[in-house]
Amino acid sequence: MKVLMLGWELPPHNSGGLGVACYQLCKALAKNGADIEFVVPYRAEHNIGFMKVTAALPQNVAQVISSGIAYDSYKYVYADGREEAVGIFSQQKFYETAVSQLAKKRTDIQNQFDVIHAHDWLTFRAALRLKQQTGLPLIVHFHSVERDRAGGNAGNMLVREIEYMAIQMADRVIAVSQHTKDMLVADYDVPADKIEVVHNSVDKEAVEPLDQTNAYHYLSALKTQGYRVVANVGRLTLQKNLVNLLYAAKEVIARQPKTIFLIVGSGEQYFELITLAADLGIAKNVIFTAFQRGKNWRDSYAIADLFVMPSISEPFGLTALEAIGYGTPVLISRQSGVAEIIKNCLKVDFWDVHEMANQITAVMQSNVLRDTLHANAYQEYDKLTWNTSARSLFNVYEAHALGGIA
């Protein structure tokens with residue numbers, strides 16, 4: 001099976017979970033026999049041996065990744081070194097044009113691939129152009145929906161139009177959870193049977209072992225004095241609901257003063273959240289680390305007694321699985337996809353600040369509860385594999401590449 005894959009990022013040049021999910025999914029697909037060419041909008045070294053990675057544009061990777069999938073402005077870097085300030089929609093247009101030109105340069109491209117597979121809205125216009133040029137079947141993969149990213153609001157209407165057109169024109173739609181599928185059906189009036197749910201998973205072989213010494217020496221020292229740590233790892237955006245987490249933190253700290261909240265990530269709410277923590281009088285109990293990679297990232301999970309993912313709407317939520325893998329129980333919002341596959345965890349409605357505080361406090365006060373929650377969650381985690389997701393996608397590929405109906 002030869003797959004032309006369109007994506008916005010891959011590790012180590014990723015701004016979040018989208019790149020990780022694409023990487024792990026492609027790795028599993030390759031193990032199952034897929035021949036993948038993955039087209040990204042930048043030039044960089046990835047050191048990936050299981051698929052071909054192609055740069056659609058000769059631009060600076062840092063400029064692309066620094067914007068993530070937000071609407072921030074950044075610069076497009078031309079091949080001759082000239083720079084031009086553009087917004088995310090201009091960047092998307094550059095990518096669409098470049099992918100189309102790549103296809104035109106390759107003669108008989110429709111016979112070189114069996115299917116086009118595009119990840120999230122930034123690649124969908126390019127994917128639709130390719131489908132028009134080649135006649136190949138198109139699979140569009142939703143890792144998030146605009147209403148998710150807008151924290152339950154309508155969001156950007158141009159993005160919504162792109163998502164709508166992709167759903168209508170695609171041969172098949174993939175959603176990372178039933179939660180996401182239900183949102184697509186409600187927002188875009190698409191028949192439910194056109195959408196296949198393929199959950200994200202974990203690659204346990206890629207989980208690097210922890211060192212004996214945690215990178216957060218100050219937190220390790222505090223824990224010897226009876227302190228407990230609550231962690232959150234992710235983008236600091238409206239969707240992730242960190243405002244409500246801080247309000248819950250105020251209640252927790254009032255009951256359990258020896259509680260530290262570790263907030264790991266960057267985003268447009270960074271300074272707003274720092275200010276809010278100060279206004280709530282809990283600044284000395286809240287640590288903001290900004291974006292982390294490698295050991296610091298792994299140790300953020302490992303140092304915690306509880307990982308909290310309070311998202312307003314979370315298509316899946318890989319960070320919850322990462323936390324379990326590194327030894328930490330989780331509290332997640334009921335409005336998340338990962339809640340569909342992990343049952344042994346604490347769950348709360350994103351808006352219920354008081355119940356969030358109650359559940360966090362319960363874990364802070366009971367090592368037995370903490371350890372039992374993690375032990376039971378790990379049993380579920382240990383059964384997960386990307387191969388299950390890859391086999392589901394192969395069924396979709398084969399049905400459409402052979403002219404059938406999935």
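In these legends, buried means under 20% relative accessible area and exposed over 50%, with partly exposed in between (1.4 Å probe, protein chains only). The model is predicted, so that local features need pLDDT of at least 70 and side-chain atom pairs count only at pLDDT 80 or more, whereas totals for chains, interfaces and linings use all residues. Residues are numbered from 1 along each chain as its sequence is written, and side-chain values use heavy atoms, with hydrogens and water left out.

View A. A salt bridge is a side-chain nitrogen of Lys or Arg within 4 Å of a carboxyl oxygen of Asp or Glu; helices (H or I, at least four residues) and strands (E, at least two) are DSSP runs, numbered from the N terminus. Lys295 pairs with Asp211, their closest N and O atoms being 3.1 Å apart. Asp211 is partly exposed at 46% relative accessible area, and Lys295 is partly exposed at 27%. Arg298 and Glu208 also meet in a salt bridge, at 3.3 Å from N to O. Because Arg298 lies in helix 11 (residues 294-302) and Glu208 in the loop between strand 9 (195-197) and helix 8 (217-223), this pair ties together parts that are 90 residues apart in sequence.

View B. Ser177, in the loop between strand 8 (172-175) and helix 7 (178-188), is buried, with a relative accessible area of 0%. Its side chain makes a polar contact (N or O atoms within 3.5 Å, one able to donate a hydrogen and the other to accept it; residues adjacent in sequence count only if both atoms are side-chain atoms) with the side chain of Thr180 at 3.0 Å. The side chain of Ser177 also reaches the backbone oxygen of Pro315 at 2.5 Å. Contacts (heavy atoms within 4.5 Å) of Ser177, not counting residues up to four places away in sequence, are with Val197, His199, Pro315, Gly337 and Glu340.

**View C. The buried side of helix 4.** In helix 4 (residues 124-134), the buried residues are Phe124, Ala126, Ala127, Leu130, Lys131 and Thr134. These residues lie on the same side of helix 4 because they cover an arc of only 155° around the axis, the arc being that of the directions from the helix axis to the C-beta atoms. Their cover includes strand 1 (2-6), helix 3 (88-105), strand 6 (115-119), strand 7 (138-142) and helix 6 (157-169). Gly135, which follows helix 4, has a positive phi, near 75°.
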